[in-house]
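Please read this note with the structure open beside it. The points below can be taken one at a time.

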Amino acid sequence: MGRGRTGPEYSEQSLAEFVRAFLTKNSIDSELQQVLPGRPNVLGHVDAHASQTLMLEAHLDTVHADSMTIEPFTPVVRNGRLFGRGSCDTKGSMAAFLQAVIHALKTPGRLRYNILLLFVSDEEYRFTGAQHAVKKGLKADFGIAGEPTQLKIVRAHKGVTRWKMMTKGIAAHSAYPERGKNAIYAMSNVINRLDKYAAELYSGSRHPVLGAPSLSVGVIEGGQAVNVVPDRCSIEVDRRTLPDETMHSVIGPIRALLQDLPDWEMKEPHLSVAGMEVPEHAPALEALAGSIKAMQGGVTIEGAPYATDAGVYNAVGIPTVVFGPGDIAQAHTEAEFIDLRQLDQAVAIIERLLTT
Ligand SMILES: [Zn+2]
């Protein structure tokens, strides 16, 4: 998650190689796509001579395991749950996709779609794996991004844009504050405006599924010592966007809002991922919904507040919904687990989608 740690346990390389060996063992062609050093994507292809290609996607990375109360990387099964970092977010989906494809391939001629298996690096932090795959010419007619949705279909979710802001002042001895210029005071004016703007966003126009966009200042740093007038202060801002908002449509109003305030500076966003929305009656969505209904007796289609790789694919015209076993409430937690019964149900749902 951007902490710059190196070593085999900190990158996606070994998992990518494991997945690739698994594909090779099951006679599925694959390649590694180097995104960053030690951080590849894996692409597997199954050509069924079909007219359409279905992408099954999941991310290889997990969040860190620092505060976990269970052994993060030695999986344990207890009461029908498998515990470990990444079990829910999102190796459950990855395992379900792989198993479903392998089941479907056991009997030749069953596949309705060509299949692209895409497993990407760096979803949790910057989405660079998905962006790289797109840059390299990713092609599919529709996609499913595997995330723990409890077998519900997420057809719309918000995007996120994040940026840093700085204020500059002049340092001086705190006994003579009039000789300096306090960068923290300057930033407090910026923050007050942002706070008011966040309230306006919240009470403004709402998306029918996703509700209102949001803005939050999450990090602040400034000052060196209490006896020095601070000459700099910085904040980091998180703006959750609706599917029709872009990085530029978000940044422009912020600049306008702060125009008359002195001494602030805004950096280019260091992260911007689009929100997404797949139309309710998109054929791909209906096919997946039909499969879930047949296996589960019902289907839930909803929106989500969190961003995923699906935003990246939808932005380049690959309608991609989010679907997978497990509950997002367990993702990133100190005792992460996946419900194994739900994982089996996901296998059956995807297998049916691929073959019916
Ligand atoms: Zn995830």
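**Notes on the predicted model**

1. Asn79 is exposed, with a relative accessible area of 76%; exposed means over 50%, buried under 20%, and partly exposed in between (1.4 Å probe, protein chains only). Asn79 sits in the loop between strand 4 (76-78) and strand 5 (81-83). Its phi is positive, about 50°, although Asn79 is not a glycine. Helices (H or I, at least four residues) and strands (E, at least two) are DSSP runs, numbered from the N terminus.

2. This is a predicted model, in which local features need pLDDT of at least 70 and side-chain atom pairs count only at pLDDT 80 or more, while totals for chains, interfaces and linings use all residues. Residues are numbered from 1 along each chain as its sequence is written, and side-chain values use heavy atoms, with hydrogens and water left out.

3. Leu151 also has a positive phi, near 65°, in a residue other than glycine. Leu151 belongs to the loop between strand 7 (142-145) and strand 8 (153-157). Is Leu151 buried or exposed? Leu151 counts as buried, at 6% relative accessibility. Most residues other than glycine have a negative phi, and most peptide bonds are trans.

4. The peptide bond from Asp89 to Thr90 is cis, with omega near 5°. Thr90 is part of helix 2.

5. Strand 1 (residues 29-36) and strand 2 (residues 39-46) pair in the antiparallel sense over 7 bridges; two strands pair if DSSP finds at least two bridges between them. The bridge partner of Leu32 is Val42 in strand 2. The two strands form a hairpin with 2 residues between them, and Gly38 in the turn has a positive phi of about 75°.

6. The domain assignment gives domain 1 (8-157 + 277-355) and domain 2 (159-273); such bounds come from an automatic or database assignment. Their centres, taken over C-alpha atoms, are 35 Å apart. In contact (heavy atoms within 4.5 Å) are 15 residues of domain 1 and 11 residues of domain 2.

7. Pro243 lies in the loop between strand 13 (232-241) and helix 5 (247-258). Pro243 is partly exposed, with a relative accessible area of 23%. Leaving out residues up to four places away in sequence, Pro243 touches several residues, including His157, His207 and Glu277.

8. For the protein overall, the secondary structure comes to 8 helices and 19 strands. Of its 356 residues, 47% count as buried.
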